[in-house]
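Here is a short report for a reader meeting this structure for the first time. Please look over the chain before reading on.

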Amino acid sequence: MRTSHAVADSLPPLPEGPSGTDSHPAPATPGVRTRSQHQRRRRIVQAAAALASRGGVEAMQMRTVAERAGVALGTLYRYFPSKMDLVVAVVGEEIDLLESSIERRPPHATLPAGRAVDVLMRATRGLMREPELADALIRSLIMAEVEAPFGDRMASLLLRVATDGRTVDLPAEDQLALTGSLAGVWVQELLEMLRGRRTYEQIQHRIEIAAERLLAGF
């Protein structure tokens, strides 16, 4: 799961007006306005990811993020009312990147468990390229007081990959519960790796065992 903070490093700050508000000209159409807002939001998320990759969540001070993204502090709070909302957005972008990677290179393992392991280890390799960011995001999500759809999105992604369009003789709720449990195992193992208690090979072995057991009914 390749992080996007490198993109943020290459972008110049957006100019701000003398009153402290963004000096963007009024868009001609609603479509242009939507694109402009989307780009501004993306710049904020990239700036936050870049800061977190070097100093963890503590470095994601709202004022610092606003300055790096080139937006007014008030603008930042309109998009993200709290730091945790910003953390959730960074995680969401990481999952977007993982899903794009899977679309480009779908897992080719024969069994559902093998395809799920492929996805989780691909995500592990991506996150461990930026261990400080990975540690900050996962720890923050565990303690999150805002809705963080990380687990649900990972469970849904694993379910799509595991079933690969095939019909499974299990209730839909059970299927999602099983892939959600596998995602939970992965998060815990990733934390152990970040703490220096697991090697990559150990994580892969443990996830393979969990996937074989949990997805046997698929």
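Where is the place of L97? L97 sits in helix α5. The model is a predicted one.

## The chain as a whole

The chain has ten helices and zero strands. Read from the N terminus, its elements run α-α-α-α-α-α-α-α-α-α.

The chain holds 218 residues, and 44% of them are buried. Its exposed surface comes to about 11500 Å². Carbon and sulfur atoms supply 52% of that area. Take the contacts in the chain with a separation of 6 or more: 74% of them join residues 24 or more positions apart.

## L97 in helix α5

L97 belongs to helix α5, which covers residues 83–104. Is L97 buried or exposed, or in between? L97 counts as partly exposed, because its relative accessibility is 26%, and buried would mean under 20%.

L97 can also be placed against G126. The two are 29 residues apart along the chain, and their C-alpha atoms are separated by 9.8 Å.

## Helices α5 and α6

Two packed helices are described by the angle between their axes and the distance between the axes. Helix α5 packs against helix α6, which spans residues 112–128. The angle is about 130°, and the axes are 11 Å apart. That angle makes α5 oblique to α6. The crossing of the pair is right-handed.

Which residues make the contact? From α5 come L98, S101 and I102. From α6 come V119, R122 and A123. By class, the contact of α5 with α6 has four nonpolar residues, one polar and one charged.

## Helices α6 and α8

Helix α6 also packs with α8. Here the angle is about 135°, with the axes 8 Å apart. So α6 is oblique to α8. This crossing, too, is right-handed.

On the α6 side, the contact is made by P112, R115, A116, V119 and L120. On the α8 side, it is made by M154, L157, L158, V161, A162 and T163. How do the classes divide in the contact of α6 with α8? There are nine nonpolar residues, one polar and one charged. V119 of α6 takes part here, and V119 is also listed in the contact with α5.

## Helices α8 and α9

Helix α8 covers residues 150–163, and helix α9 covers residues 172–194. Their axes come within 8 Å and cross at roughly 115°. α8 passes α9 in a right-handed crossing.

In α8, the contact residues are F150, M154, A155, S156, L158, L159 and T163. They meet Q175, L176, T179, G180, L182, A183, W186 and V187 in α9. The contact of α8 with α9 divides into ten nonpolar residues, five polar and no charged. In α8, M154, L158 and T163 take part in this contact, and they also belong to the contact with α6.

Where is D164 placed? D164 lies in the loop between α8 and α9. Most residues other than glycine have a negative phi. D164 is not a glycine, yet it has a positive phi of about 50°.

D164 is partly exposed, because its relative accessible area is 46%, and exposed would mean over 50%.

## A49 in helix α2

A49 is found in helix α2, residues 30–55. Is A49 buried or exposed? A49 is buried, because its relative accessible area is 1%.

A49 and A134 are 85 residues apart in sequence. In space they are 10.0 Å apart, C-alpha to C-alpha.

R195 has its place in the loop between α9 and α10, and α10 covers 200–214. R195 counts as partly exposed, because its relative accessibility is 37%.

Which residues does R195 touch, not counting residues up to four places away in sequence? R195 touches R139 and Q188. R195 and D135 are 60 residues apart in sequence and 8.9 Å apart in space, C-alpha to C-alpha.

Notes: Residues are numbered from 1 along each chain as its sequence is written. This is a predicted model: local features need pLDDT of at least 70, side-chain atom pairs count only at pLDDT 80 or more; totals for chains, interfaces and linings use all residues. Side-chain values use heavy atoms; hydrogens and water are left out. Axes are lines fitted to C-alpha atoms, for helices over the stretch in contact, and angles run from 0 to 180 degrees between N-to-C directions. Helices (H or I, at least four residues) and strands (E, at least two) are DSSP runs, numbered from the N terminus. Angles under 35 degrees count as roughly parallel, over 145 as roughly antiparallel, 65 to 115 as roughly perpendicular and the rest as oblique. A crossing is left-handed if the near helix is turned anticlockwise from the far one by less than a right angle, and right-handed if clockwise. Contact means heavy atoms within 4.5 Å. Ala, Val, Leu, Ile, Met, Phe, Trp, Tyr, Cys and Pro count as nonpolar, Asp, Glu, Lys and Arg as charged, and the others, Gly among them, as polar. Buried means under 20% relative accessible area, exposed over 50%, partly exposed in between (1.4 Å probe, protein chains only). Accessible areas come from the Shrake-Rupley method with a 1.4 Å probe; for residues, only the protein chains shown count as cover.
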